[in-house]
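User: I would like to go through this model by question and answer, with the criteria stated as we go.

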Amino acid sequence: MKKNKIIFWIATVILIIWEGIMPLATLIFSPHYATAGTRPLGYPDYFAYALIICKVLGVTAIAYTKTPAKLKEWAYAGLTFNLIFAFISHACVDKNVGFMLLPLIILGILAASYIYQPKLNSNTY
């Protein structure tokens, strides 16, 4: 059980940093770079801002241990869709293998967090 919690928290901390803190810090400290990942793919600027907010809310729901189970499921699902569509967007638009692999790597980390999520209390998994 301890191994499962360690794997869960390592994966979740990576997600918090990559999908939560980095986009939020970019939005706060360098807002001119907030659309750097979505604009070349042809998405409007407002999409990047909405995506950042949704990512931050998603990792917050995953990391907070008292989040209801259904809300955690939606957070995992939303981040999964985000990463799958990021892969598809890069595969269709810029065809850069590095840009295509990164969402898949983060998706693997998200899957590890989901699979190894401990049963902390009755309100969560």
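User: What volume does the largest pocket have?

Analyst: This is a predicted model, in which local features need pLDDT of at least 70 and side-chain atom pairs count only at pLDDT 80 or more, while totals for chains, interfaces and linings use all residues. Residues are numbered from 1 along each chain as its sequence is written, and side-chain values use heavy atoms, with hydrogens and water left out. A pocket is an open set of points on a 1 Å grid over the protein atoms alone where a 1.4 Å probe fits, with protein on both sides within 12 Å along at least five of seven lines. Taking volume as the space filled by probe spheres set on the points, joined across faces, edges and corners, the largest pocket comes to about 980 Å³.

User: Which element gives the most to the lining of the largest pocket?

Analyst: Lining residues have an atom within 4 Å of a point, and of the 36 such residues Gly37, Thr38, Leu51, Lys55 and Ala86 are the closest to the pocket's centre. Helices are DSSP runs of H or I with at least four residues, numbered from the N terminus; α1, α2, α3 (69-92) and α4 (97-115) each give two or more residues to this lining. The most, 11 residues, come from α3.

User: Is Thr35 buried or exposed?

Analyst: Thr35 lies in the loop between α1 (2-29) and α2 (45-63). Buried means under 20% relative accessible area and exposed over 50%, with a 1.4 Å probe and protein chains only. Because its relative accessible area is 4%, Thr35 is buried.
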